[in-house]
Amino acid sequence: MKKVLLTMSAIAAIMFCSCDDAGRLAKEVEGSWSGVPVKLVDESAASAMIIENYIFSVDSTGHSGDIVVGGMISTTFQMPQSNDEVQPFSLTGSAKSIIYGVWTAVDDDEINVSLSPESLSVTVDPDATELVANVVTGATAPELETMKPRIAQSIKNQLSAVLQLRYASIKHLDDVKVKGNVLKFEIGHDEYTFSRQGGVPQ
């Protein structure tokens, strides 16, 4: 009986320590964090960079809550000449993305994440899209201006597809560490560094 009681006490102690570690990590990551530019698309004719912002809120459990991931995206695209009628042109554009989900601190350095694909929203401002008709001289063409809404929609569709894949792959944040105003973690084999935005939540 004494051995059984000791075993139960040990298990209870381990569970308490685990919950305590998770709660401490949750308190450390709570708040808003901004990352550095990372490649979202890297192809010969197209590229996109994203700066993500993670917002962790803690619920009544003390070790889990809601998460919001926002993104500021810059894109460039090169269209080569395909015939006499379609001249080469380039474009640059910007977009914003946001997706919602939930998170749970598992222990002192691991967080489980579940992002809702249905909540993903991507917006592209046609007026912020710049088209250059001649990639050599930098000349513009009035007819390209009429293409902006259609091109903006195309950019939105492509970015949405890329982001769906990106966020579907985020299930765990591993080796999570907070030192001062710097948050570091790993997703798969990739390392990420974020800086705290605003003060520490009270």
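Predicted model: local features only at pLDDT ≥ 70, side-chain atom pairs only at ≥ 80, totals over all residues.

Reader: What share of the contacts with a separation of 6 or more comes from residues 24 or more positions apart?

Author: The chain holds 202 residues, and buried residues make up 33% of them. Among contacts with a separation of 6 or more, the share from residues 24 or more positions apart is 58%.

Reader: How many salt bridges are there?

Author: One of them joins the side chains of D21 and R24, and another joins those of E52 and R166. D175 also forms a salt bridge, with K177. The count for the model comes to 5.

Reader: Which residues are linked with D21 in a network of salt bridges?

Author: D21 and R24 both lie in helix α1 (residues 2–29), 3 residues apart, which is about one turn of the helix. Their side chains meet at 2.4 Å, N to O. The network of salt bridges that contains D21 also includes D20 and R24.

Reader: Are D21 and R24 buried or exposed, or do they fall in between?

Author: The buried class requires a relative accessible area under 20%, and the exposed class requires one over 50%. D21 has 22% relative accessibility, so D21 does not count as buried. R24 has a relative accessible area of 41% and therefore also falls in between. The class for D21 and for R24 is partly exposed.

Reader: How many residues apart are E52 and R166?

Author: The side chains of E52 and R166 meet in a salt bridge at 2.9 Å, N to O. This pair links distant parts of the chain, with E52 in strand β3 and R166 in helix α3.

Reader: Why does R166 count as buried?

Author: R166 lies in helix α3 (residues 148–168) and touches V38, L40, E52 and Y192, not counting residues up to four places away in sequence. The cut-off for the buried class is under 20% relative accessible area. R166 counts as buried because its relative accessibility is 16%.

Reader: What is the distance between the C-alpha atoms of A46 and F77?

Author: A46 is placed in strand β3 (residues 46–56), and it counts as buried because its relative accessibility is 16%. Leaving aside neighbours within four places in sequence, A46 is in contact with V41, T76 and F77. A46 and F77 are 31 residues apart along the chain, and their C-alpha atoms are separated by 4.5 Å.

Reader: Which backbone oxygen does the side chain of T129 reach?

Author: T129 is found in the loop between β7 (121–124) and β8 (130–132). With 1% relative accessibility, T129 counts as buried. Beyond four places in sequence, T129 is in contact with L91, T92, G93, V124 and K148. At 3.4 Å, its side chain reaches the backbone oxygen of D125.

Reader: What value is the phi of D175 near?

Author: D175 is found in strand β9 (residues 172–179). It forms a salt bridge with K177, the closest N and O atoms being 2.2 Å apart. Most residues other than glycine have a negative phi. D175 has a positive phi, near 50°.

Reader: Which element gives the largest share of the lining of the largest cavity?

Author: The count comes to 1 cavity of 30 Å³ or more, with a volume of about 30 Å³. Its lining is made up of I99, L115, P117, Q164, Y167 and A168. These residues divide into 5 nonpolar, 1 polar and no charged. The largest share of the lining, 3 residues, comes from α3.

Methods:
Residues numbered from 1 in each chain as written. Heavy atoms only, no water. Helix = DSSP H or I, 4+ residues; strand = E, 2+ residues; numbered from the N terminus. Buried < 20%, exposed > 50% of the residue type's maximum accessible area, 1.4 Å probe, protein only. Contact = heavy atoms within 4.5 Å. 1 Å grid on protein atoms, 1.4 Å probe; cavity = no way out; pocket = protein on both sides within 12 Å on 5 of 7 lines; lining within 4 Å. Points joined across faces, edges and corners; volume = space filled by probe spheres on them. Nonpolar A, V, L, I, M, F, W, Y, C, P; charged D, E, K, R; others polar. Polar contact = N/O pair within 3.5 Å; in protein donor to acceptor, adjacent residues only side chain to side chain. Salt bridge = Lys/Arg side-chain N within 4 Å of Asp/Glu carboxyl O.
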